[in-house]
Amino acid sequence: EVYRSYGISQDINNNLSKISYIEKVIAWFSVKNFKKTSKSIKQIADELGVTVILTGTIQRNGNKIEINAELIDANSNKRIWGNNYDFASGDILSVQSEVALQIVNALSAKLSPEEKKELHKNYTENVEAYKYYRKGRAFWDARTVVSFDSAETNYKRALELDPDYALAYAGLADCYTYNQKGIPQLQAVPIGKDYALKALSIDSNLSESLTTLGWIEGAFDYDWVKSKATLQKAIKLNPNYPLAHMYYGNVLEYTGENIEEGIKEVKKALALDPLSVSVNWVLGRNYWLAKKYDLAYDQLKKTMALDPKYYLTKGTLIYVLIQRKDFNQALE
């Protein structure tokens with residue numbers, strides 16, 4: 001069950017990202033691309049800009065889930081820590097927090113009381129609800145029109161089993177803010193906002209929903225002050241969440257409050273999710289908006305190399321080429 005192994009890996013990643021002592025935890029979207037790579041640990045670390053790699057396997061054996069995990073120092077290729085786990089399938093909710101806690105201890109990371117509490121938090125006690133949520137997240141990650149419908153269906157099934165499952169409401173909010181529903185944004189985004197607010201009414205410290213709400217407040221409501229405060233809270237709760245840094249950087253740049261700081265925040269997002277095509281594009285676009293046309297050109301060419309089919313890149317590159325008076329290439 002791919003969604004389950006991906007889900008456990010993603011949850012471990014998410015738990016680690018909320019620990020402020022750990023300087024940088026690479027986002028899942030950039031990490032998952034190395035699942036079947038032939039690259040060495042050192043090559044992966046250099047590509048992601050990190051010094052330590054968490055690697056391992058997750059297998060289901062009857063009613064048990066077997067996890068083998070290791071922390072590897074990328075420079076020396078030596079094992080820092082490793083452990084094997086056997087969990088009953090009913091204990092799936094405690095897997096990610098247990099593994100994350102042992103990694104934290106191996107790194108001698110300091111946890112605040114709030115972080116300790118967060119690390120042991122289960123957003124649901126219903127195993128079946130968790131499975132539906134994980135299926136929903138797997139479909140949402142695929143980013144197609146069909147997969148968004150499947151994501152919504154699974155999130156709603158999770159909520160039927162646990163009506164107070166904040167993460168499932170957060171997932172529904174994403175389905176409507178990244179609207180693939182075939183309805184106008186004027187209809188979709190308010191629905192997304194209602195779901196985000198519902199998630200926050202259950203858990204006011206849910207960084208994913210705060211980030212979604214912060215985006216809506218800025219890009220849809222044009223309430224820049226409220227958006228900035230919401231995104232600052234999201235970053236404080238999860239300093240390694242790339243979307244929060246990206247949206248916050250956008251607010252600083254769009255308002256003209258601090259263009260350089262805005263670009264710096266988007267760079268933080270990219271450092272946390274270096275293989276994300278959308279974050280790469282946003283940095284290029286924001287260079288263009290800041291009239292840094294040469295930087296914009298280089299960044300957008302890099303984005304096109306990552307994914308030549310990403311539909312937003314070429315449009316922005318045309319504007320940059322016009323500003324550079326490279327009209328022939330712009331026409332092409």
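**Salt bridges, a helix and a patch**

Modeller: Let me start with glutamate 265, which forms a salt bridge with lysine 268, the closest N and O atoms being 3.2 Å apart. Please keep in mind that this is a predicted model.

Biologist: Where do glutamate 265 and lysine 268 lie?
Modeller: Both are in helix H13, three residues apart, which is about one turn of the helix.

Biologist: And is glutamate 265 buried or exposed?
Modeller: Glutamate 265 counts as buried because its relative accessibility is 5%, under the 20% cut-off, whereas lysine 268 is partly exposed, with a relative accessible area of 36%.

Biologist: How many salt bridges does a search of the whole structure find?
Modeller: The search finds 13. One of them joins the side chains of aspartate 174 and arginine 137, at 3.5 Å from N to O. That pair links distant parts of the chain, with aspartate 174 in helix H8 (residues 166-177) and arginine 137 in helix H6 (residues 127-142), 37 residues apart. Aspartate 174 is buried at 8% relative accessibility, and arginine 137 is buried with a relative accessible area of 9%.

Biologist: Which residue does glutamate 260 meet in a salt bridge?
Modeller: The side chain of glutamate 260 meets that of lysine 292, at 3.0 Å from N to O. This pair too links distant parts of the chain, since glutamate 260 is in helix H13 and lysine 292 is in the loop between H14 and H15, 32 residues apart. Lysine 292 counts as partly exposed, at 25% relative accessibility.

Biologist: Moving on to H14, why is it called largely enclosed?
Modeller: Because 10 of its 13 residues are buried, H14 is largely enclosed by the rest of the structure. Among the buried ones are Trp281, Leu283, Arg285 and Tyr287, and the buried residues of H14 pack against helices H12, H13, H15 and H16.

Biologist: What span should H14 have?
Modeller: At 1.5 Å a residue, helix H14 (residues 277-289) should span 18 Å, and its end C-alpha atoms are 18 Å apart, which agrees. Just after H14, lysine 291 takes a positive phi of about 65 degrees.

Biologist: Which residues form the nonpolar patch on the surface?
Modeller: Ile318, Tyr319, Ile322 and Phe327 form it, with about 380 Å² of accessible area together. Three residues, the largest share, come from helix H16 (residues 311-323), while phenylalanine 327 lies in helix H17 (residues 327-331) and is partly exposed at 46% relative accessible area.

Key:
Residues numbered from 1 in each chain as written. Predicted model: local features only at pLDDT ≥ 70, side-chain atom pairs only at ≥ 80, totals over all residues. Heavy atoms only, no water. Patch = residues over 30% accessible without salt bridge, like charges linked within 9 Å, V, L, I, M, F, W, Y side chains within 5 Å. Areas by Shrake-Rupley, 256 points an atom, 1.4 Å probe, with all protein chains shown as cover. Salt bridge = Lys/Arg side-chain N within 4 Å of Asp/Glu carboxyl O. Helix = DSSP H or I, 4+ residues; strand = E, 2+ residues; numbered from the N terminus. Buried < 20%, exposed > 50% of the residue type's maximum accessible area, 1.4 Å probe, protein only. Expected span 1.5 Å × (residues − 1). Contact = heavy atoms within 4.5 Å.
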